[in-house]
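Welcome, and thanks for taking a look. Here is a short briefing on charged side chains and the fold around them.

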Amino acid sequence: MPVSFLTTEQRSRYGVFNAVPDIAQLSAFCHLDADDRHRAMAAKDARSQLGLAVQLGTARFLNCFLDDPEDVPTEVIDYVATRCSCRACASGATPPPGC
């Protein structure tokens, strides 16, 4: 995406979490409907399931994907994990980082 028209400050704030989203933002952008949950749960393992679900919410919130998918606030990961019934979190297995 072209960003050359943005100021340096605007470029530094584009496509990243500048603050932890509040609960209203999380519920609006990280809501997982049945299709989203089905798509995420089709991933091969719990870490991938959670990662896909988090990326769906991140893409909706930022309107782009992060350069580094691990640059997601822990609060976002926790919120999504509770909404998608992340098997790694629910089963007592070693959870993904931040879960």
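**A charged network**

Arg60 counts as partly exposed, at 33% relative accessibility (buried means under 20% relative accessible area, exposed over 50%, partly exposed in between, with a 1.4 Å probe and protein chains only). The model is predicted, so local features need pLDDT of at least 70 and side-chain atom pairs count only at pLDDT 80 or more, while totals for chains, interfaces and linings use all residues. Residues are numbered from 1 along each chain as its sequence is written, and side-chain values use heavy atoms, leaving out hydrogens and water.

**Salt bridges**

- The count comes to two salt bridges (a side-chain nitrogen of Lys or Arg within 4 Å of a carboxyl oxygen of Asp or Glu).
- Salt bridges with shared partners join Asp36, Arg39 and Arg60 into one network.
- Arg39 forms a salt bridge with Asp36, with the closest N and O atoms 3.5 Å apart.
- Both Arg39 and Asp36 sit in helix H3 (residues 34–41), three residues apart, or about one turn of the helix.
- Asp36 is buried, with a relative accessible area of 5%, whereas Arg39 is partly exposed at 46%.

**Overall fold**

- The chain has six helices and zero strands (DSSP runs numbered from the N terminus, with H or I of at least four residues for helices and E of at least two for strands).
- Along the sequence, the pattern reads α-α-α-α-α-α.
- Of the 99 residues in the chain, 33% count as buried.
- Among contacts (heavy atoms within 4.5 Å) between residues at least 6 apart in sequence, 62% join residues at least 24 apart.

**Surface**

- The chain's accessible surface comes to about 6300 Å², and 54% of that belongs to carbon and sulfur atoms (areas come from the Shrake-Rupley method with a 1.4 Å probe; for residues, only the protein chains shown count as cover).
- Asp67, Asp68, Glu70 and Asp71 form a negative surface patch (patch residues have over 30% relative accessible area and no salt bridge, and like charges are joined within 9 Å).
- Glu70 is placed in the loop between H4 and helix H5 (74–84).
- Glu70 is exposed, with a relative accessible area of 64%.

Terms used
Patches are made of residues with over 30% relative accessible area and no salt bridge: like charges are joined within 9 Å, nonpolar side chains (Val, Leu, Ile, Met, Phe, Trp, Tyr) within 5 Å. Lys and Arg count as positive and Asp and Glu as negative; His and the chain ends are not counted. The place of a charge is taken as NZ of Lys, CZ of Arg, CG of Asp or CD of Glu.
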